[in-house]
Amino acid sequence: MTRATQWLYGWLLLLPAMALLALFTHYPAVATLWHSLLSTPKANRPAVWVGIDNYRQLTEDPIFWQALVNNLWFALGTIPASIAIALLMAVWVNGRLRGRGLLRLAYFTPTVLPMIAVANIWLFFYTPEYGLLEETLALFGAGTHNWLGSKSTALACLMVVTVWKEAGFFMIFYLAALQSLPPELEEAAKIEGSSRWYFFWRVTFPLLMPTTLFVLVNATINSFKLVDHLFILTKGGPDNASSLLLYYIYQVAFSFFETTYAATLTVVLLALLAGLALLQFLLIERRVHYR
């Protein structure tokens, strides 16, 4: 086989994946950027070029800024908690425990539940007066509280649901990484008299950094793409106190029918996610140890 034939054969093998990537990733991104520079077409008025007018409108949109701030707080509250709990659960179920198979199943079950089902379950938990949370707090003499209808607690309630849903999913990656570590390292540490905490912090955790980087990027993306829970639990209320960026994009596109402004918001969201992912790689990549 000649070199040219090998080159052609390699590109033909890559062609299906490249075609799908271009069709469902690159083309939509370019099309969204193009539509963000146009006006929204109406019944008797086609779309026209408006340049950066949509972006200028975005900078003056108070709901966008509130949704952005809410999303940053949401990410700050869910990402570290999800990763920490996932790592803790993985270390726990990786040990020699009785019934650890059932324990792993219990931790992973929230992940396989449909998003809408999860939201309805937690809607019952948060229901004022007769919800499970209210009934539990009533045992300690606490008064009733509208958890999802209060501006001070609505966003925090969404954070709890998200952490509960995602921690089990991230646990699977950490569990797989823990089981791939060579047992000789732990045996050598025991011979040297190292404590379990010292071994975990100095050996296990550094070797888990590739998994942590992968989980961190995915957790960041997930924190900016929440729609299902919001639609069932709060619909962005009260007074946009729990509105997040992707849900606001959904509202603008499908409730207000401002498709080009929704495209503008989408471009900003994509740029924000790309910037956060790049920052994570730059800050963490030097600490990642590959065996």
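At what angle do helix α1 (residues 3-35) and α13 pack, and how far apart are their axes? The legends below begin with this pair; the model is predicted.

**View 1. Packing of helix α1 against α13.** Helix α1, which covers residues 3-35, packs with α13 at an angle of about 125 degrees, and their axes are 8 Å apart. That angle makes α1 oblique to α13. The crossing of the two helices is left-handed. On the α1 side the contact involves T32, L33 and H35, which meet T260, A263, T266 and V267 of α13. Sorted by class, the contact of α1 with α13 holds three nonpolar and four polar residues, with no charged residues.

**View 2. Packing of helix α10 against helix α13.** Helix α10 spans residues 209-223 and helix α13 spans residues 259-284; the two pack at an angle of about 165 degrees, with 10 Å between their axes. Angles over 145 degrees count as roughly antiparallel, and α10 and α13 are therefore roughly antiparallel to each other. Their crossing is right-handed. From α10, residues M209, L213, L216, V217, T220 and I221 take part, and they meet L273, L276, Q280, F281 and I284 of α13. The residues of this contact of α10 with α13 comprise nine nonpolar and two polar, and no charged.

**View 3. Packing of helix α4 against helix α7.** Helix α4 (residues 100-112) and helix α7 (residues 154-179) have axes 6 Å apart and pack at an angle of about 130 degrees. This makes α4 oblique to α7. α4 passes α7 in a left-handed crossing. Helix α4 contributes R104, Y107, F108, P110 and T111 to the contact, and helix α7 contributes W164, K165, G168, F169, M171, I172, L175 and Q179. The contact of α4 with α7 has eight nonpolar residues, three polar and two charged.

**View 4. The largest pocket and its lining.** The volume of the largest pocket is about 1,000 Å³. Its lining is made of 30 residues, of which V91, N94, E186, R196 and F199 are the closest to the pocket centre. Two or more lining residues come from each of α3 (62-94), α4, α7, α8 (183-192) and α9 (196-207). The largest share of the lining, seven residues, is given by α9. By class, 17 residues of the lining are nonpolar, six are polar and seven are charged.

**View 5. Backbone details in the loop between α11 and α12.** Most residues other than glycine have a negative phi, and most peptide bonds are trans. K235 is not a glycine, yet its phi is positive, at about 55 degrees. K235 lies in the loop between α11 and α12. A cis peptide bond joins G237 and P238, with omega about -5 degrees. P238 is also placed in the loop between α11 (228-233) and α12 (245-254).

How values were computed
Residues numbered from 1 in each chain as written. Predicted model: local features only at pLDDT ≥ 70, side-chain atom pairs only at ≥ 80, totals over all residues. Heavy atoms only, no water. Axes fitted to C-alpha atoms, helices over the stretch in contact; angles between N-to-C directions. Helix = DSSP H or I, 4+ residues; strand = E, 2+ residues; numbered from the N terminus. Parallel < 35°, antiparallel > 145°, perpendicular 65-115°, else oblique. Left-handed = near helix turned anticlockwise from the far one by under 90°. Contact = heavy atoms within 4.5 Å. Nonpolar A, V, L, I, M, F, W, Y, C, P; charged D, E, K, R; others polar. 1 Å grid on protein atoms, 1.4 Å probe; cavity = no way out; pocket = protein on both sides within 12 Å on 5 of 7 lines; lining within 4 Å. Points joined across faces, edges and corners; volume = space filled by probe spheres on them.
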